[in-house]
Amino acid sequence: MYVRAAAATTAALVGTAALVLPATSAQAADVGGGTVVVAHRGASGYAPENTLAAVDKAASLGVDWVENDVQRTKDGVLVVMHDTNLKRTTNVEQVFPKRAPWNIRDFTSAEIAKLDAGSWKSATYAGTRVPTLQQYLRRVDAHGQKLLMEIKSPELYPGIEADVVRLLGKERWLDRSHVKNRLIVQSFSADSIRAVHHRRPDVKTGFLGTPRVSQLHTYASFTDQINPSNTTISRTYVAAVQAFTGPHGRPLEVQTWTVNDAATARRVAHYGVDGIISNYPDVVEKALGRS
């Protein structure tokens, strides 16, 4: 089901000859003209990842889409952070030296709010805090931006999908405008994405990974995007994904990560990806001839 068989067969027959050399700068605008650029964890090449400062930086660069990671604290508050522990991007070891291994789920939101989540990046960002998802949604909304939200390690947080949907509703991110144009929920967990799709089938979803082409029909029943690492894809694979029709009656899309240089941006744009996720979204935009 959900597959345009002729297109899928054609894509499967295309071999390595389908791979092309990176575009010249003169060709780039044509190649990547319709490709969405997403600021990974905000503009995290320039500002502390997954912070409001990174959202602000993406906005200042003119980037419409930002990506983030969502987890849950001990007291049930949704916060924005990539790692499942607080060590790498905060001063938690200094503030709470006896609380190893410093997992997010072992700290309350009030405790996490005390941490410095910016100094590791630059003294300029000293005192930057770990945002709650509520704070993050409000900042993204204030900028008129769009959100690619990752539910991170959902196996650690049973029921987090319901929590995410509930908060999105509370913050008016499940109205027609947001759902249609400004929100995608993704995860490395197929079960997590299924849960989101079951609760809110109108919400666009993405699966992080590179499933085999033979498995794509299963994913097409509950997800709108297949979002793989740029190191795992080819033009053939992208075409094979896009030959399937997702749960909303449109071709599956491909957003690839994490692309931080011009040559790679042009390469994956040639593959026909729908989106490129980058720590340096301005670099990608320039590579595609759009700035």
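## Crossover unit

A crossover is right-handed if, with the strands pointing away from the viewer, the path from the first strand over the helix to the second runs clockwise. In this predicted model, β8, helix α12 (residues 262-271) and β9 form a right-handed β-α-β unit. Helices (H or I, at least four residues) and strands (E, at least two) are DSSP runs numbered from the N terminus.

## Strand β9 and its partners

Strands pair if DSSP finds at least two bridges between them. β9 runs parallel to β8, joined by two bridges, and Q255 has G275 in β9 as its bridge partner. β1 and β9 also pair in the parallel sense, over four bridges; V37 stands opposite I276 in β9.

From β9 (residues 275-278), G275 and I277 point one way and I276 and S278 the other. All are buried (under 20% relative accessible area, 1.4 Å probe, protein chains only).

## Largest pocket

The largest pocket has a volume of about 340 Å³. Of the 22 residues lining the largest pocket, V36, V37, W65, K146 and D274 are the closest to its centre. Two or more lining residues come from each of β1 (36-39), α8 (176-181), β5 (183-187) and β8 (253-256); α8 gives the most, with three.

A pocket is an open set of points on a 1 Å grid over the protein atoms alone where a 1.4 Å probe fits, with protein on both sides within 12 Å along at least five of seven lines; lining residues have an atom within 4 Å of a point. The volume is the space filled by probe spheres set on the points.

The lining comprises eight nonpolar, five polar and nine charged residues, with Asp, Glu, Lys and Arg counted as charged and Gly among the polar.

## Basis

Residues are numbered from 1 along each chain as its sequence is written. Local features need pLDDT of at least 70 and side-chain atom pairs count only at pLDDT 80 or more, while totals for chains, interfaces and linings use all residues; side-chain values use heavy atoms, without hydrogens and water.

Technical notes
Buried means under 20% relative accessible area, exposed over 50%, partly exposed in between (1.4 Å probe, protein chains only).
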